[in-house]
Amino acid sequence: MQTRLACVKTDLAETELSLQAIASRAGFASVQHLANLFRDRVGMTPGRYRQDMRH
């Protein structure tokens, strides 16, 4: 799971891919599952993470 989340973090920070595309690439069944897991493990939403990494 750590590896999958690391891939998600990289995609969020370095690409313009949609969260749907990122979830699919990382092997998550749904965007909602990814968003919930990401928030629990990282402490912020994927959108907030992407925003923070770009500023």
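His 33 is found in helix H3, where helices (H or I, at least four residues) are DSSP runs numbered from the N terminus. At 43% relative accessibility, His 33 counts as partly exposed; buried means under 20% relative accessible area, exposed over 50%, and partly exposed in between (1.4 Å probe, protein chains only).

The structure is a predicted model, in which local features need pLDDT of at least 70 and side-chain atom pairs count only at pLDDT 80 or more, while totals for chains, interfaces and linings use all residues. Residues are numbered from 1 along each chain as its sequence is written, and side-chain values use heavy atoms, with hydrogens and water left out.

**The nonpolar core**

The largest nonpolar core has 11 residues: Leu 5, Val 8, Leu 12, Ile 22, Ala 23, Ala 26, Phe 28, Leu 34, Leu 37, Phe 38 and Tyr 49. Such a core is a set of buried Ala, Val, Leu, Ile, Met, Phe, Trp, Tyr and Cys residues joined through side-chain atoms within 4.5 Å. Two or more residues are given to this core by each of helix H1 (2–14), helix H2 (19–26) and helix H3 (31–42).

**Helix H2**

Within H2, the residues Ile 22, Ala 23 and Ala 26 are buried. Seen down the axis of H2, these buried residues fall within an arc of 100° (taken from the directions from the helix axis to the C-beta atoms), so they line one face of the helix. An α-helix has 3.6 residues a turn, so residues three or four places apart point the same way. On the other side of H2, Ser 24 and Arg 25 are exposed. The cover over the buried residues of H2 includes H1, H3 and helix H4 (46–53). Contact here means heavy atoms within 4.5 Å. Not counting residues up to four places away in sequence, Ile 22 touches Val 8, Asp 11, Leu 12, Leu 17, Leu 34 and Arg 50. Just after H2, Gly 27 takes a positive phi of about 85°.

**Helices H1 and H3**

The axes of H1 and H3, which are lines fitted to C-alpha atoms over the stretch in contact, with angles from 0 to 180 degrees between N-to-C directions, come within 11 Å and cross at roughly 100°. H1 and H3 are therefore roughly perpendicular to each other, a term for angles of 65 to 115 degrees. In H1, Gln 2, Leu 5, Val 8, Lys 9 and Leu 12 meet Leu 34, Leu 37, Phe 38, Arg 41 and Val 42 in H3.

**Arg 50 and Thr 15**

Arg 50 lies in helix H4 and, at 17% relative accessibility, counts as buried. Leaving out residues up to four places away in sequence, Arg 50 touches Asp 11, Leu 12, Thr 15, Glu 16, Leu 17 and Ile 22. Thr 15 lies in the loop between H1 and H2. Beyond its neighbours within four places in sequence, Thr 15 is in contact with Thr 10, Arg 50 and Arg 54.

| Pair | Apart along the chain | C-alpha separation |
|---|---|---|
| Thr 15 and Arg 50 | 35 residues | 9.4 Å |
| Ala 21 and Val 31 | 10 residues | 8.8 Å |
| Arg 50 and Ser 24 | 26 residues | 17 Å |

Terms used
Angles under 35 degrees count as roughly parallel, over 145 as roughly antiparallel, 65 to 115 as roughly perpendicular and the rest as oblique.
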